[in-house]
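Hello,

Here is the structure I promised to pass on. Have a look at it first, and then read my notes below.

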Amino acid sequence: MSAVLERTSRFADSAPAIDSTAFSRLRGFHTGAREMGDTVCAVHGRLPVWLQGRLLLNGPAVWELPEGAYRHWFDGLAMWHRLQFAGGHVLYRSRLADSQSARLARAAGRPVMGEFATADTEPWLSRLTHFFRPRASDNPSVAMSRIGERWVACTQTPHLISFEPDSLATIGELAHDDDLDLALMAAHGMTDSRGDYWNIGIEFGRRCTYRLFRIAASGTRRESIAAIQVPRAGYLHAFARSASHVLFVEAAWRAQPLAFLFTRRAYAANFRWEPGSASAIHAISLADGSVQRWETPPVMSFHPVQAFEDGRELVLDLCDYPDAGVIDDLALDRLRAGVRHRAAPRLTRYRLRPGCADAQIERLGTGFELPQIHPSRPEQGAARWAWGAGYDAGERNHFLDRTVRIDLHTGDRLEWQRPGAIQLEPLFVPRPGASDEDDGVLLVPTLADGDASTVIAVLDPRRMECLATIQAPQVVPFGFHGVFQPR
Ligand SMILES: [Fe+2]
């Protein structure tokens, strides 16, 4: 067991007991997961014979340290989890990521580097040595991506941490032989059919610059593809790619570059909700790098569902929010207390017409986040089906409590629920050789009141019925995203 976890375990022993009845599903927001070697999982029901490979999950896992604690769900020190599927059996393993942020926290016994809602503690004298280049967390807790045969994970800064997907050992930060000076970066990169990695970074200056870049499958250099200047960049978590364009939303939760450069405040404290400046959707042509822009009412967003061409129009399906209140909803004390959410994610279709200044908006639903579509879409045509984690927006439930299939043509929903459970991102795994876009399974991490540990549900994505469950040997702290690596 690592030193961080040993100290954390001692701390957890002296912490007040978690409510083990009404809100025991909320154990996923608590520190306590251990590093474990290969451990057999109990499987109930029948796993599809073709489901062979690795499910990788990552996310925050350590929020409490002996002499201090993190404040927000997004802040926790990262852990990787691997479920190996072979011959109807499943083996679980977990390991903490060895980032600079984790090393400094381990040495000090408290948070040291600034995280999403935790301020940086670097002394001013030390900070003077790199005044115009403030340090940013490399805690790889949010998303995982592939660059050729290499696997990387990151948070919302330009640090890509390479790791080994079987042992879960941290390899180290990917060094870039280029001169890009990115301050921020979307957490979700995208890997194309050649294995090249794409992402969008943000540079600070008199104006902010969004920079689309690519890393070749076998390289480390970030090749600049296009740049868009704006007065102040919005928060950017992910982007979408159609057959011919890269699209992203300029959120109205806007970065304050001077605060990033000259204060030690937490990441989120350096953004400000600016509804007066509206929002915009930018589309970058992959053919010639040209840029188009459409205005929208002010929005906040983490995840696009898809982007595609519909005749001469571009279409962006997006999970969005009318303001940035969701950031406060996800503070750890509120989540642990089971406080109802104030913000409800909407599923919105933006139609982007040539010659129009404004996007045309259709609402397809509410209470829908962490979206998934078949990985071949929209490259092979627009997706009709999307799956996501949801809740009843009218009830404003404590947290995501159901798995939803949405018909993107009609907005019709089909849902699957475990009673009393939190249900996270439903990862879609296509059946090898299948042609239909909903032929495969969904892998859904869940934790219900009374569960001894995390239960991964294997769902039929057409009928939204449970085919099998896999019981992990411990509570896997709630993370955000997973990937499946077929054997
Ligand atoms: Fe995400």
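Is His282 buried or exposed? His282 is buried, because its relative accessibility is 2% (buried means under 20% relative accessible area, exposed over 50%, partly exposed in between, with a 1.4 Å probe and protein chains only).

Before going further: this is a predicted model, in which local features need pLDDT of at least 70 and side-chain atom pairs count only at pLDDT 80 or more, while totals for chains, interfaces and linings use all residues. Residues are numbered from 1 along each chain as its sequence is written, and side-chain values use heavy atoms, with hydrogens and water left out.

His282 sits in strand 21, residues 279-285 (strands are DSSP runs of E with at least two residues, numbered from the N terminus). Beyond its neighbours within four places in sequence, His282 is in contact with several residues, including Val246, Phe248, Glu250 and Gln292 (contact means heavy atoms within 4.5 Å).

Now to the iron ion. Its protein donors are the NE2 atoms of His188, His237, His303 and His481, lying 2.1 Å from it (donors are N, O and S atoms within 2.8 Å of the metal, or 3.2 Å for Na, K and Ca; water is not among the atoms, so sites may look incomplete). Along the chain, these donors follow the spacing H-x48-H-x65-H-x177-H. His188 lies in the loop between strands 12 (184-185) and 13 (190-191) and His481 in strand 36 (residues 481-486), so the pair ties together parts 293 residues apart in sequence. His188 is buried at 18% relative accessible area, and His481 is buried at 9%.

Enjoy exploring!

Terms used: Helices (H or I, at least four residues) and strands (E, at least two) are DSSP runs, numbered from the N terminus.
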